[in-house]
Protein chains: 2
Amino acid sequence: MTFDDHDLRPGEIALPFNPAERPADAGLVFIGRIRTPWQRRADCPRNGKGNRTLCTVEVDADYRPGLRSVETCSHLYLLYWMHQARRDLIVQTPAFAGVAHGCFALRTPVRPNPVALSVVELVDVRADGLVVRGLDCLDNTPLLDIKPYFAGTDSVPEARVGWREDLERQANTETDRDKP
Amino acid sequence: MTFDDHDLRPGEIALPFNPAERPADAGLVFIGRIRTPWQRRADCPRNGKGNRTLCTVEVDADYRPGLRSVETCSHLYLLYWMHQARRDLIVQTPAFAGVAHGCFALRTPVRPNPVALSVVELVDVRADGLVVRGLDCLDNTPLLDIKPYFAGTDSVPEARVGWREDLERQANTETDRDKP
């Protein structure tokens, strides 16, 4: 059972197969676990940035030498495996959007390869891992990778996501309309 | 044989096992291929941003419905599988750095899970995929995922990577020293 295992909403499209049941083209190893206060999907904050909750990233002993120099980074990418997400919904209708979008235009955990990425602020480096801010994932989420965040290549302040801007514009219009 | 399969450089540390030979904790499916002009590692640009080369992202037919609304995004994350990278070097001494850093402080393809991420500018959406700018990977690199880039959560212009700043400072000092 997965927490996303719902019937299809209007407009949603499932793949004709489940990627989780296909022979894998490549294999991942879990290198640790992310510890957060959120035990159920419904408890998770809507997105990481803006919430100041401290979370810990436990890195398995074999992989800890890989943390050398990470303490010099202010921000990191974490890649992790959304282990509870179904993988076969290729077009989805998020409740907040009301219309259907392709999974590649969404940051939903439900996607053919449920690898999530988050930009986090590094708060502390401990013997067994990291303390960070900016996560919104479930407790015990398997960790795949940690990468340094380079502002020169990774920061694009002018980036736009049109479908979400449309949604915000629509919400503002509705608010205006409700004014007396 | 892998293109990164060199003897250990001074300071480098290998894991006591090869993650590629471990039973996988999770399996990935390749959803397409990235087509670039670079056939050999030595031909690849040093990093994607700043180079204006157009690359194409071929998405396999089954997954193309997932592209709906991607055309409204100005920038995307691409996740891809560095299929030629070895996975067992946990501390590495990049030629440009001269000192050893953990793989999690580096963007090297050599890491326990060789999943690369790049921020790209979306130039065009075609029936079978995307045209983008900002990649530096080998031709035929397997594609894992496409995600929208949200400036509000993904852009951190103030992010710092201390070990690289030290390196740049050192390079500048050496240049100063060489002045007549």
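Predicted model: local features only at pLDDT ≥ 70, side-chain atom pairs only at ≥ 80, totals over all residues.
1. Extent of the interface. On chain A, 70 residues are in contact with 70 residues of chain B. The area buried between the two chains is about 6700 Å², and carbon and sulfur atoms give 60% of that area.

2. Polar and charged contacts across the interface. Between chain B and chain A, 44 residue pairs are in polar contact, counting pairs with both residues at pLDDT 80 or more. Four salt bridges are found across the interface of chain B and chain A. Arg111(A) forms a salt bridge with Asp145(B), and the closest N and O atoms of this pair are 2.8 Å apart.

3. What chain B brings to the contact. The elements of chain B that give two or more residues to the side touching chain A include the strands β2 (26-28), β5 (75-81) and β8 (115-126), as well as the helices α1 (151-154) and α2 (162-178). β10 (141-148) is also among them, and β10(B) gives the most, with five residues. By class, the side of chain B that touches chain A has 42 nonpolar residues, 14 polar residues and 14 charged residues.

4. Strand pairing between the chains. Strand β2 of chain A, residues 26-28, is joined to β2(B) by three bridges. The two strands run antiparallel. Opposite Gly27(A) stands Gly27(B) in β2(B).

5. A sheet within chain B. Three strands of chain B form an open sheet in the order β1-β6-β7, with antiparallel pairing. β1 (13-14) and β7 of chain B each have a single partner strand and stand at the edges, so one side of each is left without a neighbour in the sheet. The pairing of β6(B) with β7(B) is antiparallel and spans two bridges. Val91(B) has Gly102(B) in β7(B) as its bridge partner.

6. Thr36(A). This residue sits in the loop between β3 (32-35) and β4 (54-59) of chain A. Thr36(A) counts as buried because its relative accessibility is 7%, below the 20% cut-off. A polar atom of the Thr36(A) side chain lies 3.2 Å from the backbone nitrogen of Trp38(A). The backbone nitrogen of Asp139(A) lies 3.0 Å from a polar atom of the Thr36(A) side chain. Leaving out residues up to four places away in sequence, Thr36(A) touches Cys55(A), Cys137(A), Leu138(A) and Asp139(A).

7. Arg133(B). Strand β9 of chain B, residues 129-133, holds Arg133(B). The side chain of Arg133(B) reaches the backbone oxygen of Arg52(B) at 3.2 Å. Apart from neighbours within four places in sequence, Arg133(B) is in contact with Arg52(B), Thr53(B), Leu54(B), Val120(B), Glu121(B) and Val123(B).

8. Positive phi at Ser69(B). Ser69(B) is not a glycine, but its phi is positive, near 80°. Its place is in the loop between β4 (54-59) and β5 of chain B. With a relative accessibility of 8%, Ser69(B) counts as buried.

9. Positive phi at Asn140(B). Asn140(B), also a residue other than glycine, has a positive phi of about 75°. The loop between β9 and β10 of chain B contains Asn140(B). Its relative accessible area is 32%, so Asn140(B) is partly exposed.

How values were computed:
Residues numbered from 1 in each chain as written. Chains lettered and ligands numbered in written order. Heavy atoms only, no water. Helix = DSSP H or I, 4+ residues; strand = E, 2+ residues; numbered from the N terminus. Buried < 20%, exposed > 50% of the residue type's maximum accessible area, 1.4 Å probe, protein only. Polar contact = N/O pair within 3.5 Å; in protein donor to acceptor, adjacent residues only side chain to side chain. Contact = heavy atoms within 4.5 Å. Buried area = accessible area lost by both parts, 1.4 Å probe. Salt bridge = Lys/Arg side-chain N within 4 Å of Asp/Glu carboxyl O. Nonpolar A, V, L, I, M, F, W, Y, C, P; charged D, E, K, R; others polar. Pairing = 2+ DSSP bridges.
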